[in-house]
Amino acid sequence: MKFFKQTIEKYRSRPFLGKFGGTVWSAIVTAAFAAYNVFLGVRTGGAWFYGIGIYYALLTCARAAILLSESKNLREQNEENKITREKRTFRRVAVFTVLIDLCIAAPIAMMTLGKKNVNAGTIAAITMAAYTTYKITAAIVRFNKAKNRAERPCIKQLRQIGVSDALVSVLSLQNTLISVFSQGDEARKMFTLSCVSSAAIYIFLIALSVTFYARERSEQSERFGKTPKTE
């Protein structure tokens, strides 16, 4: 017990891990889930899993870009350089996340056109259910912590990516459950329902990314004004 307590205290004493440890862990879990989906794609031949795996891999890259920028800012002494780096990272990651959210249309189209007629198995369904539960819980906890708290754009961006992650995990879970547990006429009915709900989730996902970027870009302009020049 004492060992675990000392380990946690040592972990929290590190500036970067103490502040972003949860985000680092979330990125690791997402990367592992991306690899798992690619594995399912190889095992089942389902293009859906390849598409979702690539999406999660790119989402991990977006998180990593923000974490790298924040790590540099913790060591940066010049305040103007911090602001410049933060604005640059925010713009690049925002555009990147919008693009990868658009790319999620490919696996959705495969599912809608009936290209995803594979049974991944009960273990895959349980794994995705566990991942979805974890991501939704994490998104809710972080949202509640952020309520009524002024945060910098890149920190808000990490939370927005977390919400996108949770939404796509719901999408992935529902389609996996249908492929595993539905049969015959029931499968066709659930498939139609899945198409409708997938379209709704996708539209909300794109709207979330675009509106978040537009709002935060406007707030940045009001807060910082013109980007300061660096030496």
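This is a predicted model: local features need pLDDT of at least 70, side-chain atom pairs count only at pLDDT 80 or more; totals for chains, interfaces and linings use all residues.
**Exercise 1.** Which residues does D165 pair with in salt bridges, and what network results?

*Solution.* 
- Step 1: Start with the general idea that side chains of opposite charge can pair when their charged atoms come close.
- Step 2: D165 forms a salt bridge with R63, and their closest N and O atoms are 3.3 Å apart. This pair links distant parts of the chain, with D165 in helix 7 (residues 153–181) and R63 in helix 3, 102 residues apart.
- Step 3: D165 also forms a salt bridge with K135, where the closest N and O atoms are 3.2 Å apart. Because K135 sits in helix 6 (residues 122–146) and D165 in helix 7, the pair ties together parts that are 30 residues apart in sequence.
- Step 4: Through shared partners, R63, K135 and D165 join into one network.

**Exercise 2.** How many salt bridges does the structure hold, and are R85 and E76 buried or exposed?

*Solution.* 
- Step 1: The structure has 3 salt bridges. One of them pairs R85 with E76, with the closest N and O atoms 3.5 Å apart.
- Step 2: R85 and E76 are both buried. D165 and R63 are buried too, and so is K135.

**Exercise 3.** Which residues make the nonpolar surface patch of about 250 Å², and why does Y50 count as partly exposed?

*Solution.* 
- Step 1: V38, V42 and Y50 make this patch. Of these, Y50 belongs to helix 3 (residues 47–75).
- Step 2: Partly exposed covers values between under 20% (buried) and over 50% (exposed). Y50 has 35% relative accessibility, so Y50 counts as partly exposed.

Conventions:
Residues are numbered from 1 along each chain as its sequence is written. Side-chain values use heavy atoms; hydrogens and water are left out. Patches are made of residues with over 30% relative accessible area and no salt bridge: like charges are joined within 9 Å, nonpolar side chains (Val, Leu, Ile, Met, Phe, Trp, Tyr) within 5 Å. Accessible areas come from the Shrake-Rupley method with a 1.4 Å probe; for residues, only the protein chains shown count as cover. A salt bridge is a side-chain nitrogen of Lys or Arg within 4 Å of a carboxyl oxygen of Asp or Glu. Helices (H or I, at least four residues) and strands (E, at least two) are DSSP runs, numbered from the N terminus. Buried means under 20% relative accessible area, exposed over 50%, partly exposed in between (1.4 Å probe, protein chains only).
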